[in-house]
Amino acid sequence: MDGDQIFCHKAGWGWGSVFPHLARKHGFDMNKQYTDVSKFLSYVLRHEPQAIGLKLDSEGWAEMALLIAGAQKAGHTLDVGLIRNVVETSDKKRFSISQDGLSIRAVQGHSTASVAIAFAEKQPPEILYHGTATRFLDSILHEGLKPGERQYVHLSAETATAVAVGLRYGKPVLLKVEALQMHQQGFRFFQAENGVWLVEKVPVEYLCVGDQAPVQADV
Ligand code: HQG
């Protein structure tokens, strides 16, 4: 799984978000602070809510107050302002906060079985992309793309995002997915609110490596 499993155990995240000018003056690295908090949120809202005694509903929502209290007990000081800043500045818009401001959820990427978001089914574009590392290629070309510990295989409409995802695991390789063709043949596609495309699996015959032709299935 990705780096979102790793998070910083340092307490005292709160003040830099409240006094950003002081944070800058004292050389406090807010980017790092936000990244640490984002990884912590990914960890508890996608994978291990029970690690801080948190319960998610089936749509993935957690009560903000319980999240903050659970985090505090585990030694991580959070506050609503800091969480809002992290959510608003998230490059991939990983999280969303409910309209009443009382709840928060990860919009995709879950592995926890307690969450089953009812994503709306959607027709995908002709081609979607998946970024992976060269070391996984043999296995992928043998058995297709599988979701691993997550609930879905994640695909993106842009090559740059896919390559960045692949880079996290080693030398990146871009896979092209014949998404529309899959859809026409009965595979269900979903799109999370941050634009990430989700599908249960991608059989090998719908995959191309870079610009190559689709792979012949092993049957
Ligand atoms: C690989 C990021 C061997 C797959 C992104 C990937 C995404 C196989 C790894 C989100 C395989 C799973 C998800 C097979 C797939 N044999 N390896 N048959 N099938 N794999 O982290 O897609 O920054 O669960 O290629 O934006 O890398 O975290 O999935 O390398 O949406 O918010 O198995 O993570 O979002 O890894 O990344 P992951 P992913 P965040």
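The legends below describe close-up views of a predicted model. Residues are numbered from 1 along each chain as its sequence is written. In this predicted model, local features need pLDDT of at least 70 and side-chain atom pairs count only at pLDDT 80 or more, whereas totals for chains, interfaces and linings use all residues.

**View 1. The chain as a whole comprises 8 helices and 9 strands.** Helices (H or I, at least four residues) and strands (E, at least two) are DSSP runs, numbered from the N terminus. Of the 219 residues in the chain, 32% are buried; a residue is buried if 20 or more other C-beta atoms lie within 10 Å of its own, exposed if 12 or fewer, and partly exposed in between, with C-beta atoms placed from the backbone. Two residues are in contact if their C-beta atoms, placed from the backbone, lie within 7 Å. Among the contacts with a separation of 6 or more, 72% are between residues 24 or more positions apart.

**View 2. The largest nonpolar core contains 43 residues.** Such a core is a set of buried Ala, Val, Leu, Ile, Met, Phe, Trp, Tyr and Cys residues joined through C-beta atoms within 7 Å. The residues with the most contacts inside this core are L41, L45, I104, L155, V177, W197 and V199. Helix α3 (residues 30-47) supplies the largest share of the core, 5 residues. The core lies between domain 1 (3-106) and domain 2 (128-209), because both give residues to it; the domain bounds come from an automatic or database domain assignment.

View 3. Strands β4 and β6 (residues 172-178) run antiparallel and are joined by 7 bridges; two strands pair if DSSP finds at least two bridges between them. Within this pair, H130 stands opposite L175 of β6.

**View 4. Three strands form an open sheet in the order β1-β3-β2, with antiparallel pairing.** The edge strands β1 and β2 each pair on one side only. Strand β1 (residues 62-63) is joined to β3 by 2 bridges, with A62 opposite I104 and E63 having S103 as its bridge partner. Strand β2 (residues 95-97) is joined to β3 by 3 bridges, and I97 also stands opposite I104. The hairpin of β2 and β3 has 5 residues between the strands, and G101 in the turn has a positive phi of about 75°. Strand β3 (residues 103-106) is covered on both faces: S103 and R105 are buried on one side, I104 and A106 on the other. Helix α3 lies across β1, β2 and β3, at about 85° to β3; axes are lines fitted to C-alpha atoms, for helices over the stretch in contact, and angles run from 0 to 180 degrees between N-to-C directions.

**View 5. Helix α4 (residues 64-73) has M64, L67, I68, G70 and A71 buried.** These buried residues line one face of the helix, because they fall within an arc of 165° seen down its axis; the arc is that of the directions from the helix axis to the C-beta atoms. On the other side of α4, A65 and K73 are exposed. The buried residues of α4 pack against β1, α5 (80-89) and β3. After α4 comes G75, with a positive phi near 95°.
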